[in-house]
Amino acid sequence: FPSHDKASGFSNQSTQSALDGSYSINLAEGQSYSITPSKGNDTLVANGITTLDVILIQRHILGTLLLNSPYKIIAADVNLSGTITSADINLINALILANNNQYPSGLFWSFVPDDYSFTNPVNPFPFPSSRNYPSLSGTVNENYIGVKLGDVNYTYNNALARLSAVTDSVSLYIED
């Protein structure tokens with residue numbers, strides 16, 4: 001799915017990925033950079049977030065049925081506190097009922113480098129959300145796993161997440 005990717009360091013640039021998630025940024029070699037993906041263009045913010053997610057998170061908190069993946073645990077932490085509590089459930093319920101149209105952070109997605117190995121998968125916090133390159137050399141291929149906050153049973157429907165013509169373009173920001 002499309003996301004925005006930002007490179008900061010020697011120069012700052014951002015670009016939007018293609019529909020398949022691929023992207024390209026041309027950066028000067030030998031310089032230091034941090035690559036950070038983000039996604040904030042969902043047309044339906046509650047896409048994939050249902051009362052079943054709330055029930056699964058409640059069961060996890062109560063210990064009756066634990067979430068079986070570090071990515072599901074990350075998805076359950078919608079307030080980005082590093083823990084899963086009833087506060088997360090309240091925020092998800094408010095989103096489902098359309099009492100709120102965003103979480104306090106303004107984010108609906110977290111990203112984890114796809115090659116990251118969790119030290120403790122049952123407590124994945126903190127986790128990296130970017131990649132750092134102290135001295136960039138050559139072409140770098142990197143992938144991230146996108147986690148929709150609130151969607152612990154992975155029901156996000158990419159077909160409902162159509163991009164508008166405004167967000168369909170590529171923009172670059174380069175700092176002198």
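Helices and strands in this tour are DSSP runs, numbered from the N terminus. The structure on screen is a predicted model.

**The whole chain**

Begin with the entire protein displayed as a cartoon. It contains 3 helices and 6 strands. Followed from the N terminus, the elements come in the order β-β-β-α-α-α-β-β-β. Of the 176 residues, 39% count as buried.

**Confidence**

Colour the model by pLDDT. The mean for the protein is 85, and 85% of its residues reach 70 or more. Now select residues 163–176, where the pLDDT is below 50; beyond near neighbours in sequence, this stretch has 23 contacts in the model. Where pLDDT is low, the predicted coordinates should not be read in detail.

**First stop: Asp77**

Select Asp77, which is found in the loop between helix H2 (70–76) and helix H3 (86–96).

Then display the backbone of Gly82. Its nitrogen lies 2.8 Å from a polar atom of the Asp77 side chain. To see the surroundings of Asp77, select Gly82, Thr83, Ile84, Asp88, Phe125 and Leu149; Asp77 touches each of these, when residues up to four places away in sequence are not counted.

**Second stop: the salt bridges at Arg131**

How many salt bridges does a search of the whole structure find? The search finds 2. To view them, select Asp114, Asp115 and Arg131, which are linked in a network of salt bridges.

Look at Asp114 and Arg131 to begin with. Their side chains meet in a salt bridge, with a distance of 3.2 Å from N to O. Asp114 lies in the loop between strand S4 (109–113) and strand S5 (131–133), while Arg131 lies in strand S5, so this pair ties together parts that are 17 residues apart in sequence.

Turn next to Asp115 and Arg131. In this salt bridge the closest N and O atoms are 2.7 Å apart. Because Arg131 belongs to strand S5 and Asp115 to the loop between S4 and S5, the pair ties together parts that are 16 residues apart in sequence.

Asp114 counts as partly exposed, at 37%, and Asp115 is exposed, with a relative accessible area of 59%.

**Last stop: Asp42**

Finally, select Asp42, located in the loop between strand S3 (33–38) and helix H1 (51–62). Asp42 is buried, with a relative accessible area of 12%. Asp42 and Trp109 are 67 residues apart along the chain, and their C-alpha atoms are separated by 10.0 Å.

How values were computed:
Residues are numbered from 1 along each chain as its sequence is written. This is a predicted model: local features need pLDDT of at least 70, side-chain atom pairs count only at pLDDT 80 or more; totals for chains, interfaces and linings use all residues. Side-chain values use heavy atoms; hydrogens and water are left out. Helices (H or I, at least four residues) and strands (E, at least two) are DSSP runs, numbered from the N terminus. A polar contact is a pair of N or O atoms within 3.5 Å; within protein, one must be able to donate a hydrogen and the other to accept it, and residues adjacent in sequence count only if both atoms are side-chain atoms. Contact means heavy atoms within 4.5 Å. Buried means under 20% relative accessible area, exposed over 50%, partly exposed in between (1.4 Å probe, protein chains only). A salt bridge is a side-chain nitrogen of Lys or Arg within 4 Å of a carboxyl oxygen of Asp or Glu. pLDDT is the predictor's confidence in each residue, from 0 to 100.
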